[in-house]
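Visitor: Could we go through this structure together? I would like to begin with the ligands.

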Amino acid sequence: MPKALITGFTGQDGSYLAELLLSQGYDVVGMVRRTSTIHYHRVEHIQDKITVVPGDLLDQVSLIHILEEHKPDEVYNLAAQSFVQTSWSQPVFTGEVTALGVTRLLDAIRLVDPKIRYYQASSSEMFGKVVEVPQKESTPFYPRSPYGVAKVYGHWITVNYRESYDLHATSGILFNHESPRRGIEFVTRKITYHVAKIKLGLADEIRLGNLDARRDWGYAGDYVKAMWLMLQQDEPRDYVIATGDTHSVEEFLQEAFSYVDLDWHDYVVQDPRFMRPAEVDLLVGDPSKAGKELGWEPTVSFRELVRMMVDSDIKLLQDGGTPM
Ligand code: NAP
Ligand code: GDD
């Protein structure tokens, strides 16, 4: 039975990846950091099938111990301070976790077992102020936030360890991917949760920042499949994972509100608090290399994604739940 370690197990992608690996017959080890309250809501349905281990990307000894004790064949590094807005208020912390954390983990692999296959969660945020449309693997990076800068570091240190130590280290450059398990602070989930609240009479407005930003939004369940496929290749290579389609925040609003027969203009308040010091205006990826070499393609359209998230938030509220 192959064994995989997932860092960031409690996050959106960690939960979908764990489900996928379990379905493929893996023994899954999920790393969680110590917090004062337990928050396993995204993974509680599979918790009894996973070996949950404590560890932190800030603490290299914890990583070495996990690798020595559990001996994984594959490591998926999904842990990060992943919220772009927070990276301006906590730039050093973001660098410690999202950038240097990658070196800590790669170096632990090099020391403990260099045969381990490694997946790095790189990001389309690295393209930032884009110099090419659409963005592909060869497009130069121009990050626009401390988060984007940290991800560029994580990306290049992964390439460097592959080239320096011959590790099977792969970087997936994933464009935005969403789901009902998306964190409530990200714009898609913030919108669908508020649409549900407004529809049910529990709120009467939603406060947002820049409505013109365009993103290539896909479904997280599709994207974790690409992570797994990357580690099954003989040669480690980097891949853009995207839909190839782009929409503005305003288009997301339109799609979500019209689905429940409401007009977004009646509820949206623009609030400077949610504007960013430097914005990424347009992201749209070219996933053709992943299509050709991995046989990967997205299965959920923009409209299906929006509706899936709105439906899920309406149900969550009707059932008396709180967002993840
Ligand atoms: P997420 O929901 O924010 O999950 C992040 C995970 O990282 C959580 O499990 C979090 O644990 C963990 N974590 C944070 N700091 C840590 C630390 N110091 N040590 C150990 N674990 C730590 O993010 P996601 O959307 O699933 O994204 C997964 C990865 O893909 C991230 O690296 C993100 O930057 C990257 N990415 C995401 C997207 C996207 O659109 N979703 C696109 C490209 C790249 P807690 O639960 O304790 O907070
Ligand atoms: N979060 C948020 N909240 N974003 C808003 C808001 C708001 O109220 N109003 C407008 N936006 C705009 C942001 O300015 C940005 O242009 C866009 O909506 C998307 O913001 P997020 O959903 O926060 O995601 P992101 O694109 O910054 O980052 C996500 O995708 C990256 C991949 O490109 C995160 O998942 C990153 O971890 C990931 O790497």
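**Ligand contacts and a helix pair**

Guide: In this predicted model, a backbone N or O atom of Asp13 lies 2.8 Å from an oxygen atom of ligand 1.

Visitor: What lies 3.0 Å from an oxygen atom of ligand 1?

Guide: That is a polar backbone atom of Gln12. A polar backbone atom of Ala80 is 3.3 Å from an oxygen atom of ligand 1.

Visitor: And which residues come nearest to ligand 1?

Guide: Thr10, Arg33, Asp56, Ser82 and Tyr147 come nearest, out of 25 residues around ligand 1.

Visitor: Turning to ligand 2, how many residues surround it?

Guide: Ligand 2 is surrounded by 24 residues, the closest being Ser123, Ser124, Tyr147, Arg276 and Glu279.

Visitor: How far is the polar side-chain atom of Glu279 from an oxygen atom of ligand 2?

Guide: The distance for Glu279 is 2.6 Å. For Arg182, a polar side-chain atom lies 2.8 Å from an oxygen atom of ligand 2, and for Arg215 the value is 2.8 Å.

Visitor: Now the helices. At what angle do the axes of H2 and H4 cross?

Guide: The axes of H2 (residues 60-70) and H4 (residues 91-112) cross at roughly 40° and come within 9 Å. H2 is therefore oblique to H4, and the crossing is right-handed.

Visitor: Which residues make the contact?

Guide: H2 contributes Gln60, Leu63, Ile64, Leu67 and Glu68, while H4 contributes Arg104, Leu105, Asp107, Ala108, Ile109, Leu111 and Val112.

Visitor: How many of those are nonpolar, polar and charged?

Guide: Eight residues of the contact of H2 with H4 are nonpolar, one is polar and three are charged.

Definitions and conventions: Residues numbered from 1 in each chain as written. Chains lettered and ligands numbered in written order. Predicted model: local features only at pLDDT ≥ 70, side-chain atom pairs only at ≥ 80, totals over all residues. Heavy atoms only, no water. Axes fitted to C-alpha atoms, helices over the stretch in contact; angles between N-to-C directions. Helix = DSSP H or I, 4+ residues; strand = E, 2+ residues; numbered from the N terminus. Parallel < 35°, antiparallel > 145°, perpendicular 65-115°, else oblique. Left-handed = near helix turned anticlockwise from the far one by under 90°. Contact = heavy atoms within 4.5 Å. Nonpolar A, V, L, I, M, F, W, Y, C, P; charged D, E, K, R; others polar. Near = heavy atom within 4 Å. Polar contact = N/O pair within 3.5 Å; in protein donor to acceptor, adjacent residues only side chain to side chain.
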